[in-house]
Each structure stands twice: as structure tokens, then as C-alpha cells.
Amino acid sequence: MLLVPCPWCGPREAIEFRYGGQAGIAYPDDAEALSDEAWADFLFMRDNPKGAFAERWYHVAGCRRWFDAVRDTVTHAFLPPDRPGRPRR
Amino acid sequence: MTSGRLADGGAWIDRSKPVGFTFDGAELGGVEGDTLASALLANGVVGGFRSPILGRPRGIYAAGVEEPNAYTEISAPWFDPIAAATTVPLVDGLVARSRAGVGRLPADPGSVTSPGVRHRFAHVEVLVIGGGASGRAAARAASGDGGRVLLVDEHTVLDDPPTVHDVTVRSGATALGVYDNGYAVVLERSRGVSGTRTVTFTDERHQIPLPPTEDILWHVRAGRVVLATGAIERPIALAGNDLPGVMLAGAAETYVERYGVRPGERAAVFAANDLGLGVADVLREAGVDVARIVDARSGELVIEASGGERLERILVRTTDGREEAFDVDLLAVSGGWNPNLGLWRSIGGGLRYDDERATFVPDGGPPWLSVEGSAAGHVPASTPIWVVEYGDDAAKFVDLQRDQTVADIAEALGGGLRSVEHVKRATYIGTAVDQGRTSGVIAAEIVSQLLGEAAGAQGPSNARPPYAPASYLALAGPTRGDLLDPIRTTPMHPWHVAHGAGFENVGQWKRPWYFPRDAEPMERSVERECLAVRNAVGAIDASTLGKIEVVGADAPAFLDRMYTNRMSNLAVGSIRYGLMLGLDGMVLDDGVAMRLAEHRYLVTTTTGGAALILDRFEEWLQAEWPELRVFCTSVTEQWAVIAINGPRAREVVSATGTDVDLSRSAFPFMTFRDGHVAGVPARLARVSFSGELAYELHVPAWHGLDLWEAVMAAGEPFGIEPYGTEAMHVLRAEKGYVLVGQDTDGSVTPHDLGMDWIVNLAKGDFVGRRSLRRSDIVRPDRKHLVGLFPVDPEALVPEGAQLVLEDTGEIPMPLAGHVTSSYRSPALGRTFALAMLAGGHELHGRTVYVPLPEATVPCTVTSSVSYDPDGERRDG
């Protein structure tokens, strides 16, 4: 089972977390101004890289904080964590 | 007698401690330290097993977990439907019978005894799997670094165990799996292990006493994992190689040296490496007549093994092409040694083909995982020989437990398969209980050879945990029955139990489903409860409603973004119903918001959606809008809620005793008041999920039971009935109130529900708003919520049934929708349903059909509101 590096609690078992998908996809400032295509792109399209991937995680059974982490999708290794609102790129 | 106990020797057995056991009905004897297999050999039992598919005679073939033939059912002193005799420690009173590789569960599970299982957790710096020389050396090397070291080994006996204080040794402990970041699951069996069972990790103060007769499933988290899992000998595919008496050379040696057992009387050795050929010396010393040593490296071959119920003769082909026959009862075979890398591969370790050893060795893996000893590739050099070219391919067995031969592989390749993984799935080679431990590498190499590829071109098929068979009972451990999942009950639960309620599970909650009276059927209870609410008064325990306090200066603005309608202009003291959407515009949850103060709201969610909605609030607040000053707190369990519904609800609350003015003008619909009920501080809310006059009483949870009893007592003169979730569902459906998750399924918009009135496009952005303009969402032929009246008022259509527009009777027929809710309505005196119907908003009045296997039920499409459409009853 993965150890997920919570920036607040340290490494904890993956069952304590909820996965939040790709990080760094901000809610549009003016959603109404987006074309159907641009909105669909925001809504549905996500990267699926082989290698480093910035993800949102939620320590739901712990400190209940959302944070971003970068994980290698091949080795499952996490890069050092960062704080919410400052996603690592 | 061909095999038998030697006069002396046997490092792992204690001859002074006899053990009695039963095999296939015969009472036999062994000694402590024996496995069932070694004890059988000691009694002259080599064969007696059958292959699972072809029913061929089979015998003990190996000495460990790789055994493909000698499978047994254990019925005493514990029950195990299928176990390799080579892995069963012999204990007094053991009762076993041979099984052809397929276990059978008892008809009555209560009739068998299974060992209890505890789960324990261990955190160590180093976990060493395998207690052979390399594993013990690795444990000793890791010792002294100030960390905890755990050494586990599957055998019940461990030679020369480390005795340093920081190394904890568990024998009889099989590592079932190794997972990410040094997590391992280890099953420690109690049977066959003597001595005290106390585990100490480094420090005397941290002793873990283990129950003596229960198995332990260890969850180990290790900083570093060392695999010292040894090597497994591989056979050579030759005609007749599945006869009892054909045995892996290393196994023959193990039986002599560890168990003091002679596996045969007159033997031949057929090997492609020094270690295998050396077994001849071991056998001679044990008094076995070694008739012939066949060195495959020189080109000599055993080209056939033959016999009836067991091996009687082999045919040797010499380097100059002569054929010689030898009468033997044991053929010890060694094609070479394969590092035992099942655990290694299951966590992503790579492999490389090693020409000198003619096998696959580890190559590249996670940084926290290392391999030592034979598992690391330190195995004897061997000449590659997978299959003997002479003789009948259909008699050359590759996977003994799946009864698959070289001919079967050739057939799979003849069908066009080119990958060993495909051949595995076509032939099932490697998929049996033994996980292809003896067959994997030779199957891969035979595939490569038949395809004309280089040795090692494909590699063996992958391995997955568990490494060895483990019962679900062991994996489940204590998480069974009442401990399977948390059970949540409301403060009023004891009253419901005492009054005979039937319960339904709503998430983890137990909710009263109906309250039967005098053993009446459920349908009758629900009818009675519904009529009480419509004609007099009923009370339901609504404590499970999700409740979240949303507090802060930006709480009004935040809720405006979360709900489709406006919550910021809600007056303090008022209540508004709200709908929440996903970003995709689909209905996610519903509930009410009560404005407690300018910057304080209490919002309710569906019972099942409480945790989800709180998490969602947190995600938006933390990850998208950290500038908003809002705090969310779950108060679901802090408040008990009693909903009193019915024309006499006002009289019941009044009779219960309250300081709140209940009059229509002072306390209008969709407002709440703080005060007291029955002397208890309470929040009274005028919301209704039945359409009747209704009061929700919110009280601190510890007053819930008292208040419930007070309400029931005060309500008695008014005919109050407790009602459950089923009556609640009927009542809400009569009013067309949707149940999120029953009438909706994540593909339903507010418009689909006919709820455009709750979508406020003037207030600014809210979650899901932009999606409501997507082309797919404004399609006119989307499914819409409608009511259905079966033309026959007694016909009850099943929930989930499909709708069609024309009763053609021809299959297939174009489907137009489906039934989401269906009930008998006591108030309407007929059955009715809610349904999602394509273009349904435009189809009111038309007939649709529910095709069922027994009959087609015609229904009239109506509005989703069947009862009191003008809402005349809500004020009493």
C-alpha cells in the first residue's frame, strides 16, 4: 500500500486519503465566457502521463486537508510534497 | 515398501516424539518435525494422488510450496479444503485425504473448525523474507544499526536462527505479498509451531503476546525489504515425467537430510548441473541403490519414464545413440535452479536471462527492495535443457497441476499465439494453486524454443500475490460480522428495536424501515403508517440527515456558489430547499439551508451524501477559493431530529409542551424557531417531506430518546404512529419529491426533474451552471421525470423496469426510459410510479408500456406530483 506524504501529518497509508485527480486545473475565472469546447476541455480532459504527475490528494481520515503532490506513475514514488495553492509543476 | 524412514538422520525431526495421523482412511505414524509429505514417504506412500483433469496417478514431487501433485484436504484438527502435503506440518490427530488439486468446501460450513485469525501490525526498519543462510546473514548484517529487524520464514523449523536482541524471528510465517513502500502481508500459522508465542520488537517493553492457537496475519511496514526467498528447482519435460516416483532432485535430498526419509529404493538421477548430479551421493549414503546417473550436459538423456500406478522403468539414450532400460522406483530430476522471484516480480522487480545458469535473475526494482542469495541469482550453472526431444510430446508434462504438456503448448502456438502470457491463458499453465512455480520457466523457454526465438526471449508469465494459498478467513481476520463495517445508530435506536421495527441499511446507518404491528406483513404496516400521516399524524426519526454548519463572513457567498439557487438573501430564521450539482450539471445532492445567523447556516444533506458533501465543500474552500472565510463542521451526530408530519402535527407538538408560538401566522412554512419542547432546548423547523403540516424537532442528541418518547406519549390521543423510511418514500413520491440517488443517477439535470424553478441564473456563477448550456444537456429528448399510473390500479411495476412507447411485442424494442420509484399509495387508492422518460415533459396523458416477462403493463404518463398538487395541506 502506498505511503502518501501528507504535508501536515507526514507519510500515511493510502487508505486514509481520497484521490482528487490531476492538480493545477483551476476553476475558470469566468466559466460563462468559455465556449462549449473550452468548457468540455476543463471538465473532462486530463493528462495521463507516464512519469511525473501532479495530483490532488485529500487526507480525509486525517487532518482533512487537500494538498498537491507529484507522483511518478511508473514507480509510484512521490516527490517531496508542497502546500495547497502552490502546486508543483 | 519402496520409500521409508532411515535408521538415523533427519535434521528437522525429533524421533522421540511420535505423531499419529490418518491419510485416506489409513492410520499412520510419523514424528514431530515431519511434514505430511515426509511422513507419507516414511510410511512408504509415494503416490496415491490423482491429477485434476486427466485423473493420472501422481505422487509427491517436491518438498515445499512448489509441490504440484500432492494436494490434500485437511479435516482435523483444523479444516483446510486444499493444502499441499509438503506444506502441512504433521500434528497429532491430523486427518487428511488426497484431493486432485481442487478443493471442496463443506456443505455445512459450521461443521468444520478453522483456526481463529488475529491481525497484528509491525513496523520495522528491515524485513527479511526467507530464513535460509542468506536471509539469516542479511538479518544479522542489518542488526546493530539501532533499527528493528524482522525475519520471517515459511517453515516451522528454522536452522540456526539469529539470537541477537534486535532481530525478531517468526517461523511458520509465509509472506503472502509485498506491496508499495515496504508494506508486506505475512501469514503466521500457529499449527505445528511449539514454544511460547511472544513477539518482542527490540525493546522488552514492547512485547506482543500472541494467542497460542490462532493464526496471525501480520501487516508489516518496513523501511527496507530483503528477499531471501531461495531458488526452486525446475524439472525437465520428458515422456512419462508425471509418474509417482519422478521427483525433483533437491526434494529427494531434502527428504533424506531434513526428514531422515528415503524417497525410493532404486534410483536414477537425471540432471543438467552439479548440484543435481550430487544428489546421487546423498541417495547412496542413505542406502538407495543408484542404478544410473544421467548427465544431461554430456548429451545423455532419459527419454522415457514408464510404469503403471508408479514409476517402474526408465529408458536412457546414451551419447552414441544406444537405448538402455533401468528398473527404478525413483527418478531424481534437475533441469537447473530458478531464483524464487514471485514476490519480487509482483511488486515490479525486473528480470534478466542469465545464459550460464539458464534462468532468469533479478534486474532492477524499487529502491527499498533488495534480493540476496539464491533468489539474487546465486544458483548453480546449468546446461539449458527444457524438453527431451524424443518420445511423445503429449506425455511430457510441463504443468503437472494443470495437466498440460508440451503438445498443449504446441497446439496453442499452432493456433497463432505468440506470447507466453497468451499461452498461459490458453493452456492455464501457471494458474493452478502452485502458481506454476515448477512450470513457469520451462513453459516460457519451450515457447521460445518452438517459436525459434533465443533462450530467455520471453520470460516467464507474471506472478501475483498471494504467494501461497491463504483463506479469506485469514485475510478478513476480525473484520467480519458486526465488525465488517461500522454500524451507526441514532439516539432513538433502542426504542425502535424495542418496538419491533424492521431496519434498512442506509450507508452505515440502521434506519427503521417500517414498524409492524401484531406480526402484520410489511405492506400492511406501510399502508397504516402512510394513512396515519395523511389523516392524523406520524413521527419519523430523521436524525440520520446529514447536517453541516457553514460559518464565516463569506458563508452566504459560498453557499450561493454551491447551490443552484440563492442562499445569501435568505432571512435569518428562514429555511430554503436547495439543489447541488456536479460540475457536469448533474444533480448531486439536495437538502435545506437554515440561516441561523447572518454568518451561520445549518445545511442538511441526504443521509448517504453527508460525508461526500462536506468533503466537496472542503475541496472548493481549500483548493479553489482559499480566500473565502468559511468553516464547515459536521454536526450530523450532534443533533437528533424527529419529524412530526400530519394534519394533527401542530396539536402533537403543542401537547408535548413548547414555549414556541405554533400558530400559522407566527410560525409560517419554511421557517424555524429556537425554543423548548418537553423542557428540552430545541430548534423547531417547519419543513415537510410528506406535503402535510410538519414540524422537525432538532434537539441535542442526548435528548433524542427522551423527546421521542415524550412525542409518542403526547401524540397518542391524536393517533400518532411511528413511521419508517418506506412510508416516508411513498409519501414523498406521492408529492413528486425526488430521492437523489433513487430517482436520479448522476445523469439527471434540474430541468430533467422539472425543477427549472430552483435554478437561479441571475445570481451569478454556481457549480455546474456552465454545463447547463452544453449541447447534450439542452437536447429535448433527454429523459424527464414523470409520474406513471398503471392502467390497472392494482398493477405494481418493478423499479428499474424499462419503458417503451409502443407495445410491439417484438424484441428488440426501442427503450424510452425506466421506472425509478414504484409504490402502492393508500391515499390515492392505487399503485403509482415515478419514471425517467425520454421527452417525458411533453408526454403527459399518453400511454407507455412496461414490458415484463409475464405481461406488458400499460401506464398513463402523468405529472410527477400525484397528491395535493396545489400544496393545500402543508399548513394544516
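In strand S43 of chain B, B:Leu697 is the bridge partner of B:Ile642. The model is predicted; local features need pLDDT of at least 70, side-chain atom pairs count only at pLDDT 80 or more, and totals for chains, interfaces and linings use all residues. Residues are numbered from 1 along each chain as its sequence is written, while chains are lettered from A and ligands numbered from 1 in the order in which they are written. Strand S40 (residues 639-645) and strand S43 (residues 694-700) of chain B run antiparallel and are joined by seven bridges. Strands (E, at least two residues) and helices (H or I, at least four) are DSSP runs, numbered from the N terminus. Two strands pair if DSSP finds at least two bridges between them.

Both strands belong to an open sheet of six strands in chain B, ordered S41-S42-S43-S40-S34-S44, with mixed pairing. Strands S41 (672-677) and S44 (721-722) of chain B stand at the edges; each has a single partner strand, so one side of each lacks a neighbour in the sheet. Helix H15 (residues 704-715) of chain B lies across S34, S40, S41, S42, S43 and S44. Helix H15 runs at about 15 degrees to S40(B). Axes are lines fitted to C-alpha atoms, for helices over the stretch in contact, and angles run from 0 to 180 degrees between N-to-C directions.

A hairpin is formed by S32(B) and S33(B), with two residues between them. In its turn, B:Gly507 has a positive phi of about 60 degrees. Strand S32 (residues 502-506) of chain B pairs with S33(B) in the antiparallel sense over five bridges. B:Lys510 is the bridge partner of B:Asn505. Five of the six residues of S33 (residues 509-514) of chain B are buried (20 or more other C-beta atoms, placed from the backbone, within 10 Å of a residue's own), so this strand is largely enclosed by the rest of the structure.

Buried residues make up 51% of the 876 residues in chain B. The chain has 16 helices and 50 strands. The radius of gyration of chain B, taken over C-alpha atoms, is 37 Å, well over the 29 Å of the globule rule (2.2 Å times the number of residues to the power 0.38), so the chain is more spread out than a compact globule.

Chain B also touches chain A: 20 residues of chain B are in contact (C-beta atoms, placed from the backbone, within 7 Å) with 22 residues of chain A. Helix H13 (residues 610-624) of chain B gives the most to the chain B side, with six residues.

Notes: Two residues are in contact if their C-beta atoms, placed from the backbone, lie within 7 Å. A residue is buried if 20 or more other C-beta atoms lie within 10 Å of its own, exposed if 12 or fewer, and partly exposed in between; C-beta atoms are placed from the backbone.
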